[in-house]
Amino acid sequence: MRGLYFLRNGARVAALLFVVLSLFGSGLFGYVQNASAHAILVKAEPEPNTRLQEQPEQIVLSFNERLESELFYIKVFDEIGRQVAKEKAVLSQDQKILTLQLPELEDGRFTVSYHVVSADGHPIEGAYVIVVGQTAGGAGVNPEQSLHENHGLSTNMSLTDLLRYIFRIVYYMSLLSLAGVVFWGLFLRPHILQSTASLAFYKSWLLSLQRIHLIALLAFIYFHFQDLLGDAGVGQLMSLFTGTWVGRSWALSLILSLLGFVLLYRNKLLDGIWFVLLLGVKSLNGHSMGYDPQWITVALNWVHLSAAAIWVGGLLLIMTGWKPQKEFVDAFLPRFSRGALIALVVLVITGTVTTLIYLPGLNYLLYSQWGKLLIAKVVFVALVLMIGAGIRFAMKKRNEKDLRDYLRLDLAAMAIILTVVGLMTYISPVPPNEPLYWHEMGEEVHMTTRISPKVPGDNQIQVDIWMLEKDGLPKNIVLNLQNKDKKDLSAISVPLVPSAVEKEEGEFEEQDRYVKYTYKASGPFIPFAGNWALEFRVMDSQDDETVYKQEIRVY
C-alpha cells in the first residue's frame, strides 16, 4: 500500500522538488556576478592595423572570458598566403590569454588569424593585418573590419546556417519530447498503462521519439562541429569530444541515446536516472557554461529543461492518443493538467532568474536579438497560462470540443516556444560590442576615430585628422568621453599622443594639399558599460576650432 501511495503522489513530490530548487536558485541570485556568454577579444599585441619598425617576438591575444582548453589556434600568413609560424599557440593558466611565438620575419604585410571556443561552446574567430618594416601599401585591414562570429540571425544566412538553426530546433523538440515521455512513464505505470493497448501505444511513441532524437542529435552535431574545429581539421575531433565541454556533452548525449534503446521501460530507477542524466549532460553545453558560478547556472538550466520536458512530453502523449487511445487520455489528462501547471510556474521562475543572471539589466532585452526573442517567448508563455486555464475550465464542464480546441492551441504555442528557444540557444544574450569607426567629413577638417574593441576596460583609440597643409600643425586636440547614464560623472579626457604625420599624395594644388595627423591612446578610458557621448575638438594654428560629437552604446 505504501508503494501504491508513492506512485499516486510521486508526480506531486517531483513537481514540489522542482519548485524548491527554483526558489533556491532564486535566493542565491544575490551572490551571482554577471559575465558575458561569448568570449570577446579585448586586446591584441601588436595592435591590428599597425606598422612596426621591428618585428614582434610574439602575438598575444587577450579575451574577457575563459576559453575551452582545446581547439584554439593563432595562424600568421605572409603576403602570398604562406603560413609563417609553425608552432602551436599556448593558452595561459587562467585560459584567457593566447600567445604565439613568432620566427624571424621579413618585412611585409602579415595576416593574423585566430580561432577559439568560448566557455559556452561557441566558436569565436577573427583576422587582422599588421605591417613589419618598410613596405609599400598600408596595413590593408582596419580593426573594425576584423571578422568576428556573432551568431546572430540574418537575412543573408547561407543554406548551411539555415540548416544549422533548423536542426537546433528539431533537436530541442526531440530532446524535450523524449525526456518528457520518459518522465511521465515513471508515474503512469502500472495504473494508467495497465491495458495492453495503452502500453503498446506508449512504447510505440517512446521508440519513435528515441529514433527521432538520435537522428536529430547526429544532424545537430554534424552541422556544428566544423565551426568548432575551424581550420584545425578533422584530426582534432578527439580533442573536441574529450577536451571541450560542448564535445563532452555531445559524446555523453550520444552514449545515453544509444543506451536508451536497451534500458528504457525495463526498470523505473534506471529510467529516472536516464532522465536526469540526459538533461544533465545537455545542461553542460550552452549559455549556462559561460556564467559564474557555473553550478548555479547549470542547475537552473537542468530544472528549466526538466519542467519544459514535463509539459512538452505530456502534451504530446495527449494529442497523439486523443482518438486511438481515448481511455488512456481521459485517465492521464487530470494528472497532466496539474503537472503542466506546476511545470509552467517553474519555467517562469527559472526563466526569470536565469535572465537576471545573463543580462546586466532588463533594458538589455530591447538591444539584442536574444532579448527580443525572449520577449516573444514570454508573450507565448503567458498565452499558454491562459490556455491552461481554459483547459481546466473545459475539463470541469466536461466540454470535450472546447477541451480539444484548447489543447490544439497549447500544442501550437508549444511549437512556437520551442522554435524560439532553438534560436535563442545560438545567440549571445548580451549584444556583441563592435569596434567603433567614426568618420566626419568637414569643410576644412576631416576626422576618423577608431576604438577597438570598444568594450568596458582597456581599449585602443586612434584618431586621424586631415587638415590643409597651409593651416599648419593642429594647436590642440581633445577627445572627451561622457557617460550619459551617470550625470554626476565628469567627462573622461583621452590623452592622445602624436603617432604619425603623412602628406596626402595626388593631384592637389599646394594650398589645398591635406596633411594627415595620427594620434593614439591605449587604456581603460571606457570603465563600464552604458551610453557614452564622444566629443572631439581640434584647434588649428589660427585658433579656429572644429567640434564633432557622436553617441555610442557599450555593452
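Where is S368 found?

1. S368 is found in the loop between α8 and α9, where helices (H or I, at least four residues) and strands (E, at least two) are DSSP runs numbered from the N terminus. The structure is a predicted model, in which local features need pLDDT of at least 70 and side-chain atom pairs count only at pLDDT 80 or more, while totals for chains, interfaces and linings use all residues. Residues are numbered from 1 along each chain as its sequence is written, and side-chain values use heavy atoms, with hydrogens and water left out.

2. S368 counts as buried because its relative accessibility is 4%, given that buried means under 20% relative accessible area, exposed over 50% and partly exposed in between (1.4 Å probe, protein chains only). Once its neighbours within four places in sequence are left aside, S368 is in contact with P429 and P431, contact meaning heavy atoms within 4.5 Å. A polar atom of the S368 side chain lies 3.2 Å from the backbone oxygen of P429.

3. Helix α10 covers residues 400-424, a run of 25 residues, and its first and last C-alpha atoms are 36 Å apart, close to the 36 Å expected at 1.5 Å a residue; the expected span is 1.5 Å times one less than the number of residues. At the start of this helix, a side-chain oxygen of N399 comes to within 3.4 Å of the backbone nitrogen of K401.

4. The buried residues of α10 include L403, L407, D410, A413 and M414, and also I417 and L418. The buried residues of this helix pack against α2 (159-188), α7 (294-320), α8 (326-358) and α9 (369-397).

5. An open sheet is formed by 4 strands in the order β13-β12-β16-β17, with antiparallel pairing. Because β13 (492-493) and β17 (545-554) stand at the edges with a single partner strand each, one side of each is left without a neighbour in the sheet. Strands β12 (residues 476-483) and β16 (residues 530-539) pair in the antiparallel sense over 8 bridges, where two strands pair if DSSP finds at least two bridges between them. L479 stands opposite F536 in β16.

6. For the protein chain as a whole, there are 10 helices and 17 strands, and buried residues make up 51% of the 555 residues. Among contacts between residues at least 6 apart in sequence, 69% join residues at least 24 apart. The chain exposes about 26,100 Å², of which carbon and sulfur atoms supply 59%, with accessible areas taken from the Shrake-Rupley method with a 1.4 Å probe and, for residues, only the protein chains shown counting as cover.

How values were computed:
Polar contact = N/O pair within 3.5 Å; in protein donor to acceptor, adjacent residues only side chain to side chain.
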